[in-house]
Amino acid sequence: MGGNNCKLGCGGSSAVSDSICKLDKKFSWIKKDYKTLDEVSEALRAKGLKSVNPILGFCFTQSKWTTEKSLHYIGNDPNDYEKVVSIIGRTLAAICGDNYIHCFGFGDATTLDTHVFSFYEDKKPCHGFEEVVERYRQIACQMRLADLKSFVRIVEMATRIASEKCDQHHILVMIADGPVTRSSDTEHGKLSDEEQQTVTAISKASKYPLSIILVGVGEKNANMMKGLESKIPHCTTFDNFQYVNYTDIMSRVPEGRREVEFTLAATKKLPNQVIAIEKLIASTSFTNNKAIEMDWDSTAPPIPVSGTPNQPL
């Protein structure tokens, strides 16, 4: 494949649109006898997921696992953010193209809902998922957390990256600990401004070869996407979004099955998304030969990242 910049739109034939709508909605590729992450990874490759460009987004808001510790607490044992990266990494490593992963943080006291920050000052990606975890630990132990939560900027950043290599499959994995900010005066049944902006950003992202997986960690994430998923207009191009509750799976699934069940829940739509993206690339003319331009950009990490990585928050 080349490096053409493009915009995938709804300009394909009705036959293509119909074929995308008829994709396997029961996810029959998933078998109950997968025992390891390697088996899941092999099944994904067999279903067409040959190469992907991962993008990771870490939400730095201040929800707590207990009254004592932040979910971002850095200690001898990995926290849930680290565990999610490890599981996703072991699943995608074999199909992770050049093994470079763009990593961003958002929702901290500096970026709030206006920007994201890159894990490195020069915006270079991490090389391998092990480096992702190492860099996350350096940053998290010194981060100033905040309350405001929005996924808009991280979705926009991932969409821009996807627009620069629009003939390749990108996967954004966002790890977050609670719902999008919703003010108390928002009417019942209505979306808050932040929720509507999130829905709009995800919908716009479906015009590009970008899959979005939102992983919820912590006790407050159970209703993270309640009412939002159904409001995402998937008919725009393809169903590009999946939410999975990591904490729920880890609490109710037998220990030996937890990682496999989480991975299946997180990746179950990927085979359909691969087919949809390939059909759209093959059938849709290039309608915009320029990468997305935004009026904002990612910043450097908002704090110095030297120091003791085990410093508690």
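Predicted model: local features only at pLDDT ≥ 70, side-chain atom pairs only at ≥ 80, totals over all residues.
## The chain as a whole

The protein chain has 313 residues, and 50% of them are buried. Its secondary structure consists of nine helices and seven strands.

The accessible surface of the chain is about 14,500 Å². Carbon and sulfur atoms account for 49% of that surface. Of the contacts between residues at least 6 apart in sequence, 82% are between residues at least 24 apart.

## Strand S1

Strand S1 spans residues 53-59, and seven of its seven residues are buried. In a regular strand, side chains alternate between the two faces of the sheet. In S1 both faces are covered. One side carries Asn53, Ile55, Gly57 and Cys59, and the other carries Pro54, Leu56 and Phe58; all of these are buried.

S1 pairs with two strands, S5 and S2. With S5 (residues 170-176) the pairing is parallel and has six bridges; Asn53 has His170 of S5 as its bridge partner. S2 (residues 100-106) also runs parallel to S1, and five bridges join them. Here Phe58 is bridged to Gly105 of S2.

## Thr299

Beyond its neighbours within four places in sequence, Thr299 is in contact with Thr111, His115, Val116, Phe117 and Ser118. Thr110 is 189 residues away from Thr299 along the chain, yet their C-alpha atoms are separated by 9.9 Å.

Key
Residues numbered from 1 in each chain as written. Heavy atoms only, no water. Contact = heavy atoms within 4.5 Å. Helix = DSSP H or I, 4+ residues; strand = E, 2+ residues; numbered from the N terminus. Buried < 20%, exposed > 50% of the residue type's maximum accessible area, 1.4 Å probe, protein only. Areas by Shrake-Rupley, 256 points an atom, 1.4 Å probe, with all protein chains shown as cover. Pairing = 2+ DSSP bridges.
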